[in-house]
Amino acid sequence: MNLKLTLATAALALAGIAGTATAQPSLYFVWKHKTTGKTMCNPEAVDANWVKVSGPYSDANCSIKEPT
């Protein structure tokens, strides 16, 4: 029983490592609020009141433009 638990734990650990190796970094965009005009840098709009202005960027400050 202990061997089965050890093998299952090892299999889960390997699956987790494999999943991490294939993960893509997030792309960020500049979003502008429709009514307030406030802007933010985020991977996704918070709600329907935000419109994408520019992007994609590779950093959370929206300062490094991704090549197109």
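**Exercise 1.** Determine what share of the residues in the chain is buried.

*Solution.* Buried means under 20% relative accessible area, with a 1.4 Å probe and protein chains only, and by this cut-off buried residues make up 15% of the 68 residues in the chain. The model is predicted, so local features need pLDDT of at least 70 and side-chain atom pairs count only at pLDDT 80 or more, while totals for chains, interfaces and linings use all residues. Residues are numbered from 1 along each chain as its sequence is written, and side-chain values use heavy atoms, leaving out hydrogens and water.

**Exercise 2.** Work out the order in which the strands lie in the sheet.

*Solution.* Begin with the pattern along the sequence, which is α-β-β-β; here helices (H or I, at least four residues) and strands (E, at least two) are DSSP runs, numbered from the N terminus. Next, the open sheet of 3 strands has the order β2-β1-β3 with antiparallel pairing, where two strands pair if DSSP finds at least two bridges between them. The edge strands are therefore β2 (39-42) and β3 (50-57), since each pairs on one side only. Finally, 4 bridges join β1 (residues 28-33) to β2, and Val 30 has Cys 41 in β2 as its bridge partner.

Key. Buried < 20%, exposed > 50% of the residue type's maximum accessible area, 1.4 Å probe, protein only.
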